[in-house]
Amino acid sequence: VWDLSERFERDVVEDFVADYAAGRTPNPCLRCNEKIKFSALLDKALALGFDAVCTGHYARLVDAGAGRELHRAADEAKDQSYVLAVLTPAQLDRALFPLGDTLKIDVRAEAAARGLRVAAKPDSHDICFIPDGDTAGFLTARLGAQPGPILDLDGQRVGSHDGAFAFTVGQRRGLALPEPAADGRRRYVLAIEPVSHTVVVGPEEDLDVEQITGERAIWCGPAPAEGARISAQVRAHGEQVPAVLESVTPDGRVAVRLDRSLRAVAAGQALVLYNGTRVVGSATIASAATSRL
């Protein structure tokens, strides 16, 4: 048994809090895979003479001529390739995902046949270190109250809040605006300005995004060339949209132009690129271009 709690606190939890404080929306599962399971844990395993780290992620590894490729799972509804897109070729060479070719219903049936108590355990959708699901409460306890204004696109104050970190781009619930919009339409979070603790709201159509820029790119194999046709995904179980890779720089920045718009793309989320079922790589979203912001 290895106690990696301090490493987890530093590399996952503190990173999660810092991202929200900076107005971003992080994915701690990706960071855990990158920093803990396939870094700290893998280092320990290799030092003791083990060959690989084996996990229950639903993803497939395919041996190809240029090395191992990471692909979507056979069970598309449970596919977890998105949260593994931070792995390098060297890490993929030391990984095993034995459930990738199996449907989850069949895994549960085998677990039941073997008498395992977790056979009927419900799927988990919460952040593991926030088991009650109250992310806003967790962040408030860490960061303290940081009141600020809620503004519309004209700069008019339409409400207030106790912490911009409690909001994410695309959010509609929990705004608690005292007056409806003049046109009666629902308002959504369009932007978060952490320095001034300002939240900007507006109509749903202003969430549409056609271009995404990312930083800190990690390639699961050879880096693709500029102009490559790929597919982009910005949520773990989100839509995969055809796109073109407009630019790739040596310092790990990428720009992607989508064939059709995506809605509510937030800085800090992972931009994962696919070629069919194969994971090409990922980058942390730095910005997204919309029609008005």
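Modeller: Let's start with the hairpin made by β11 and β12, which has five residues between the two strands, and Gly-252 in that turn shows a positive phi of about 85°. Before going on, a word on the ground rules: this is a predicted model, where local features need pLDDT of at least 70 and side-chain atom pairs count only at pLDDT 80 or more, while totals for chains, interfaces and linings use all residues. Residues are numbered from 1 along each chain as its sequence is written, and side-chain values use heavy atoms, with hydrogens and water left out.

Strands here are DSSP runs of E, at least two residues long, and helices are runs of H or I, at least four, all numbered from the N terminus. Two strands pair if DSSP finds at least two bridges between them. One of the pairs sets Val-248 against Val-254 in β12. On the other hand, β11 (residues 241-248) also pairs with strand β10 (residues 229-233), in the antiparallel sense and over four bridges. In that pairing, Arg-229 stands opposite Val-244 in β11.

β5 and β6 run antiparallel, with four bridges between them, and Pro-149 faces Ser-160 in β6. Strand β5 (residues 148-151) is also joined by two bridges to strand β8 (residues 198-202), and those two run parallel. Leu-151 has Val-200 in β8 as its bridge partner, while Ile-150 stands opposite Val-199, also in β8.

Put together, this gives an open sheet of four strands in the order β6-β5-β8-β7, with mixed pairing. β6 (157-161) and β7 (188-193) are at the edges, each with a single partner strand, so one side of each has no neighbour in the sheet. On average, neighbouring strands of this sheet are turned by 25° against each other, direction ignored. The axes behind that angle are lines fitted to C-alpha atoms (for helices, over the stretch in contact), and angles run from 0 to 180 degrees between N-to-C directions.

Now for positive phi outside glycine. Ala-176 has a positive phi of about 50° although it is not a glycine, and Ala-176 sits in the loop between β6 and β7. With a relative accessible area of 70%, Ala-176 is exposed; the cut-offs are under 20% for buried, over 50% for exposed and partly exposed in between, using a 1.4 Å probe and protein chains only. Arg-216 has a phi near 55°, again positive in a residue other than glycine. Arg-216 belongs to strand β9 (residues 208-219), and at 39% relative accessibility Arg-216 counts as partly exposed.

Last, a glance at a helix. Ser-39 lies in helix α2 (residues 28-47) and counts as buried, at 17% relative accessibility. Leaving out residues up to four places away in sequence, Ser-39 touches Arg-7 and Glu-34, where contact means heavy atoms within 4.5 Å.
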